[in-house]
Amino acid sequence: MNYYKVGTIVNTQGLQGEVRVLSVTDFADERFQIGNELALFDKNDNFIQNVKIKTHRKQKNFDIVKFEGMYHINDVEKYREHVLKVAEDDLSDLGEDEFYYHEIIGLDVYENDEKIGSVKEILSPGANDVWVIDRPKKKDLLLPFIPGVVLDVDVAGNRVEIEIPEGLDDEN
């Protein structure tokens with residue numbers, strides 16, 4: 001079965017067995033919904049166990065999560081830097097022009113039919129996602145995922161068509 005990353009446990013939160021998760025999903029409220037089950041992997045991508053969400057709340061840029069059966073800081077501190085993943089079977093169907101991060105990462109990026117690189121990572125700093133474009137022999141390009149910049153996404157064709165706004169690609 002395939003699993004897809006939804007977050008990384010970056011620290012504990014308090015003494016009652018909560019963890020601070022840096023989420024990498026647009027669907028945090030859905031992924032961390034009470035009763036949902038996620039897979040826990042270590043930093044070497046080895047499966048550890050399934051965990052069930054007992055509580056969830058947002059705090060600044062983090063999701064504060066408590067798992068069933070883990071009631072004390074001693075139960076969770078060993079999971080720092082571990083990754084939470086969702087099973088492929090648990091992914092929801094998306095609407096047209098909606099994509100999961102794992103579908104976008106790795107796509108080739110073109111501007112005016114010239115390949116400029118590939119999507120290396122997706123950041124979620126606030127109002128819109130920012131795609132990190134890995135470009136050979138150039139600095140990574142931070143590209144906002146907004147209309148007029150990302151013109152077309154063709155997952156099946158492994159292609160993203162973009163238009164870089166003036167001034168965004170300045171090397172200065």
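Colleague: In which loop is Asp129 found?
Modeller: This is a predicted model, in which local features need pLDDT of at least 70, side-chain atom pairs count only at pLDDT 80 or more, and totals for chains, interfaces and linings use all residues. Residues are numbered from 1 along each chain as its sequence is written, and side-chain values use heavy atoms, with hydrogens and water left out. Helices (H or I, at least four residues) and strands (E, at least two) are DSSP runs, numbered from the N terminus. On that numbering, Asp129 lies in the loop between β8 (114–123) and β9 (130–134).

Colleague: Which side chain of opposite charge is nearest to Asp129, and how far away is it?
Modeller: Lys and Arg count as positive and Asp and Glu as negative, while His and the chain ends are not counted. A salt bridge requires a side-chain nitrogen of Lys or Arg within 4 Å of a carboxyl oxygen of Asp or Glu. Asp129 is buried yet has no salt bridge; buried means under 20% relative accessible area, exposed over 50%, and partly exposed in between (1.4 Å probe, protein chains only). The nearest side chain of opposite charge is Lys58, at 11 Å.

Colleague: With which side chain does the side chain of Asp129 make a polar contact?
Modeller: A polar contact is a pair of N or O atoms within 3.5 Å; within protein, one must be able to donate a hydrogen and the other to accept it, and residues adjacent in sequence count only if both atoms are side-chain atoms. At 3.3 Å, the partner of the Asp129 side chain is that of Tyr101.

Colleague: Is Leu15 buried or exposed?
Modeller: Leu15 is found in the loop between β1 (3–13) and β2 (18–23). Its relative accessible area is 55%, so Leu15 counts as exposed.

Colleague: Which residues are in contact with Leu15, leaving aside its neighbours within four places in sequence?
Modeller: Contact means heavy atoms within 4.5 Å. With those neighbours left aside, the residues in contact with Leu15 are Tyr71, His72 and Ile73.

Colleague: What is the phi of Asp45 near?
Modeller: Asp45 is found in the loop between β3 (37–41) and β4 (47–59). At 45% relative accessibility, this residue is partly exposed. Its phi is positive, in a residue other than glycine, and is near 70°.

Colleague: What is the phi of Asn158 near?
Modeller: Asn158 has its place in the loop between β11 (150–154) and β12 (159–162). Asn158 is partly exposed, with 33% relative accessibility. Its phi, a positive value in a residue other than glycine, is near 55°.
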